[in-house]
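Please find below my note on this model.

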Amino acid sequence: MTVQQQVPDVGGIRAERVVVVSLMKSGTHLVQELMLALGYKIYGQSRIPQENRPILGDGTRDRVVRMVHGDQAADALRAQGEEAFRAGADQAWEALGWAWQQRLGMPLVNRYGAQLTHTEAVDQALRRTSGTPFSWTPENTCWIVPELDIKKVDGKFIEEWTSTGEPRILFMYRDPRDMVLSMVNFLLGKTAKGFGNFSEFQIFNNILAAKGSLEERLLYALSDPAFPGSGDHERMLWLLNHPKVCNISFEEMVGARGGGSAEAQLDTVRRVIEFVGADADPEKTADGIFSRDSFSFFKGQIGSWREAFTPRVEQLAHERLAKALELYGYQA
């Protein structure tokens, strides 16, 4: 890799909130396992088991309810008893979470199956909290998003991050050729739990299934600018170059079991630990991040494209992905 990797200076204080921008099919499960090992709970655009989701303390619940519904409604909810208050607080947190996903440029839908159940509360949360800082969201939470489009992100978030360096932002990427192959396999339902019920994914599943061979599917995936993941490397180039962002690649993170090296994996884990200010043993942490049980796991190997690409596909990939390959330091 030719992209320079370094740890941005954040003063050694443990981050209360982390935003992980992990491009689709770049190995999100790896960085998610890492953040769990560092003690964070997970929220956002990923399939997240209930036990890995944020656990709100009583003070945080109260703050969230007051942010979303106001003091009077929060006091009235309190008066109904602890059970009613907890249920109301959980609904308020769901609404606030969705509102912040929109402020970060995400659509009001989760590609991986999380259901939106209180649309009116989401509208209210977005309206009432539009000027609040990200630092008012629950502590000890790692937000997972597949992109952070600078043209879509809420300006208040950018202003807060630029001036304070919080939340900490990690950017995860991968060789775009492997990402195309991985996305094709994912959309064909070859991963452990399929691609879910997201309508956009279903559309491309239908298209790919109608193609007669893997070569045809890959040629199509490389040709359609609407194909999931297309252009992501270019849109997120600002993250790769920003000095406050910690950049990590799939190739560094995957380790020996994924065709990488134990040394690169350990170095990357050390960088992340230092970046978020966690108190963790790098070697013990690195041992547990490669998981074949991830919902989207298929092969998890570096350079799988070399076995799958025919000469026609490789030529088209070079034509379409040459810029991204060069910018991210991958050999053509």
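1. How many residues has helix α2, and how far does α2 reach from its first C-alpha to its last? Helix α2 (residues 58-69) has 12 residues and reaches 16 Å, close to the 16 Å expected at 1.5 Å a residue; the expected span is 1.5 Å times one less than the number of residues. Helices (H or I, at least four residues) and strands (E, at least two) are DSSP runs, numbered from the N terminus.

2. On the basis of the note: this is a predicted model, in which local features need pLDDT of at least 70 and side-chain atom pairs count only at pLDDT 80 or more, while totals for chains, interfaces and linings use all residues. Residues are numbered from 1 along each chain as its sequence is written, and side-chain values use heavy atoms, with hydrogens and water left out.

3. The buried residues of α2 are Thr60, Arg61, Asp62, Val64, Val65, Met67 and Val68; buried means under 20% relative accessible area, exposed over 50%, and partly exposed in between (1.4 Å probe, protein chains only). Their cover includes α3 (71-79), α4 (82-103) and α5 (119-128). Gly70 follows α2 and has a positive phi, near 95°.

4. An open sheet of five strands has the order β2-β3-β1-β4-β5, with parallel pairing; two strands pair if DSSP finds at least two bridges between them. β2 (41-44) and β5 stand at the edges with a single partner strand each, so one side of each lacks a neighbour in the sheet. The twist averages 25° from one strand to the next.

5. Is strand β5 (residues 245-249) largely enclosed or left open by the rest of the structure? Five of its five residues are buried, so β5 is largely enclosed. Val245, Asn247 and Ser249 lie on one side, and Cys246 and Ile248 on the other.

6. Helix α7 (residues 176-187) and helix α9 (residues 214-223) pack at an angle of about 115°, with their axes 10 Å apart. Axes are lines fitted to C-alpha atoms, for helices over the stretch in contact (heavy atoms within 4.5 Å), and angles run from 0 to 180 degrees between N-to-C directions. Val180, Leu181 and Val184 of α7 meet Leu214, Arg217, Leu218, Ala221 and Leu222 of α9.
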